[in-house]
Amino acid sequence: MGEVTMSKGSFWALMFAFLGTTLLVGLLCGLLPNRDADCTIKVTEEPEEPRSTSSGPTTPPQLWEKIRLPTNLKPHHYDLFFRIDITNEEFSGTNTMLIECLQSIDIILIHSKLLVIDDNSITLAQNGGGGAPGVTRSWLYPENQYLVIELDGMLEAGTSYDLTIAFSGPLQEDLIGLYKSSYVNKDGDTKWLASTFFAPTDARKAFPCFDEPAHKAEFTVTIENEPGYFALANMPLDGDNETIADGWVRSRFQKSVPMSTYLLCFVVCDFISEEKETQGGVQFRVWARPEARNSVRYALEKGADIIDFFEDYFQIPFPLPKMDMIAIPDFTAGAMENWGLITYRETALLYTEGVSSPRNKQRVCTVVSHELAHQWFGNLVTLQWWDDTWLNEGFASYVEYLGVEEVEPDWGMGASILRMLQNFLGEATFKKGLNSYLTAFAYSNAVNGDLWFHLTQAADEDGKDIDVTAIMETWTLQMGFPVIDVTRSYGGNVEYSASQHRFLSNPDSEEQNTYPDLGYKWYVPLTHTSSANPNFQGDQIEWLNPDDEGYNKDIGEGSDSDWLLVNIREYGYHRVNYDANNWQLIAQQLEDDNTVRKRRVDCELNL
Ligand SMILES: [Zn+2]
């Protein structure tokens, strides 16, 4: 998903690590019903006497009173038609859904928000012919943003049905769902466009749908728009545009791959583009308003290279025939990773050589890399539900840096939990596990534990005894990170002892531990070097385990004047505090050894 603002990737890695709960609450708030907004526009109301016959306190909630859709029905395909009238600020459409019944049921629940549903348009037929129950009535339940369709008989398990619904809605400048946007050209004229922003739960504001990330389906989209505009969607056009009555234009797009509703996107605009082909043959275009033509080249060049990089890194080709990235003048988030049609705020996509700042360039590269990473991690494999957002965003925020490092190698990379993971597994094992995970769950959904399982399996295959699940649970389920207290010996062999405690910026603060079993102890991969035998590779890892007491490491011969450094290259996601004498020894090296100095300054600033 996009970022509202953005500075450094490491900042986001930290944000998602430490504020994951806050973010989650924010997302879940998006799922909560907005009763006032919905009630202003609904055309049908919940019947005054719902079908329940008893009302005692033990009555289980009705299906529509539950926030999650029942699992009886599974959508496979949406045939979507939209007529988007920018001038009159409205849209209308029809949606024919191919639905498989997994368990018999005599009611259909489908998400719908702020839409006007034509009740008489709702038809149900058995796919391929045969009987189907009739629709007795339909009504909206705005509290959970449902359209409830009651039937006069049961849908049969194992049977597929075609459900058709006609709908319409206002095209407003409200930045969510299908909305109207604008920009002012150099002559001072306001120009209009229509765009979408469906994450996490606003596809239902553009068309009735099973609007949960696990309900993946294929989409065939047809759009009609006024003359002077053209339409873009997730997939390429299926044949040429057609001019219809009144000069309107009809565009039909190829059927999509199976995908979640929140990743659907379409835009009606008058923009221009620059394009190139990736090494793998993907048509890659960057779109902007006509006067920004000179600002799309950087994103185009870097984006194409990053697609090449991720195809190689994940060992999975980009799954769509084309990729469009478009700068939307009105956009709340930084960007949104819609599959094959990524939308950006202008400042996150456009860069003008000699005019924009270096910081702006870095932002464009980072955000483009982040959104392209999501095309695999998030779009191809999607998390089951929004509570797994940490992994979705944390992972994209990590691999975005791999992409940036590939195309802008001088920019460096911040510390992150996933960088630590890659380091202790080794890059080859890490990549093997990712490929295994992405292949196993392609076009489907996964939960956090699935990735850890596949990485553990890859480690096992490579002869490494690493329980990724146990390790990563200490890093992802509890907030914060540890400080490692290192005390070394003097006189004779050099040994050091290490213990861990939770890092607190305010040591007096107390927070409730959500996972008391973990006790704010982590599996910490330790690396070290010393002036007696300097080695900054960081490939010799020793584990400090959560229950380790009296951890002691003999690092061999050395003198009392040798400094000791722990956590080489900051691969470990932790801080280090040394005994006073070792701090002194490190300090003595400051004039000579820039590497040591940087690490020391970092540590001292935070302890
Ligand atoms: Zn994201």
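This is a predicted model: local features need pLDDT of at least 70, side-chain atom pairs count only at pLDDT 80 or more; totals for chains, interfaces and linings use all residues.
## A sheet of three strands

Let's begin with the strands. Three of them form an open sheet in the order β3-β7-β6, and their pairing is antiparallel. On the edges sit β3, covering residues 105-111, and β6, covering residues 135-141; each of these pairs on one side only. On average, neighbouring strands of this sheet are turned by 20 degrees against each other, with direction ignored.

The pairing of β3 with β7 can be followed in the model. Strand β7 takes in residues 146-155, and six bridges connect it to β3 in the antiparallel sense.

## The annotated binding site

Which residues does UniProt list for "binding site"? The unreviewed entry names His370, His374 and Glu393. These residues span 24 residues in sequence, but no two of their C-alpha atoms are more than 8.9 Å apart, so they gather at one spot.

Histidine 374 belongs to helix α5, which runs over residues 358-374, while glutamate 393 is found in helix α6, residues 389-407. Are histidine 374 and glutamate 393 buried or exposed? Histidine 374 counts as buried because its relative accessibility is 0%, and glutamate 393 is also classed as buried, at 4%. The side chain of glutamate 393 makes a polar contact of 3.2 Å with the side chain of histidine 370.

## Salt bridges involving strands

How many salt bridges does the structure hold? There are 23, and a few are worth a visit. In one of them, the side chains of lysine 191 and aspartate 270 meet at 4.0 Å, N to O. This pair links distant parts of the chain: lysine 191 is in strand β10 (residues 190-197), and aspartate 270 is in the loop between β15 (266-269) and β16 (272-277), 79 residues apart. Lysine 191 is partly exposed, with a relative accessible area of 31%. Aspartate 270, at 19% relative accessibility, counts as buried because the cut-off for that class is under 20%.

Another salt bridge brings together the side chains of arginine 250 and glutamate 224, at 2.9 Å from N to O. Here the link runs between two strands: arginine 250 lies in β14 (residues 249-252) and glutamate 224 in β11 (residues 218-225), with the pair 26 residues apart. Arginine 250 has a relative accessible area of 28%, so it is partly exposed.

## A helix pair and a network

Lysine 432 forms a salt bridge with glutamate 461, and their closest N and O atoms are 3.5 Å apart. Lysine 432 sits in helix α8 (residues 427-440) and glutamate 461 in helix α9 (residues 448-461), so this pair, 29 residues apart, links distant parts of the chain. How exposed are these two partners, and which classes do they fall into? Lysine 432 is partly exposed, with a relative accessible area of 32%, whereas glutamate 461 counts as exposed at 55% relative accessibility.

Finally, there is a network to trace. Salt bridges that share partners join Glu274, Lys276, Arg293, Arg297 and Glu301 into one network.

Conventions
Residues are numbered from 1 along each chain as its sequence is written. Side-chain values use heavy atoms; hydrogens and water are left out. Two strands pair if DSSP finds at least two bridges between them. Helices (H or I, at least four residues) and strands (E, at least two) are DSSP runs, numbered from the N terminus. Axes are lines fitted to C-alpha atoms, for helices over the stretch in contact, and angles run from 0 to 180 degrees between N-to-C directions. UniProt positions are given in the numbering used here, feature names are shortened, and annotations may be inferred rather than shown by experiment. Buried means under 20% relative accessible area, exposed over 50%, partly exposed in between (1.4 Å probe, protein chains only). A polar contact is a pair of N or O atoms within 3.5 Å; within protein, one must be able to donate a hydrogen and the other to accept it, and residues adjacent in sequence count only if both atoms are side-chain atoms.
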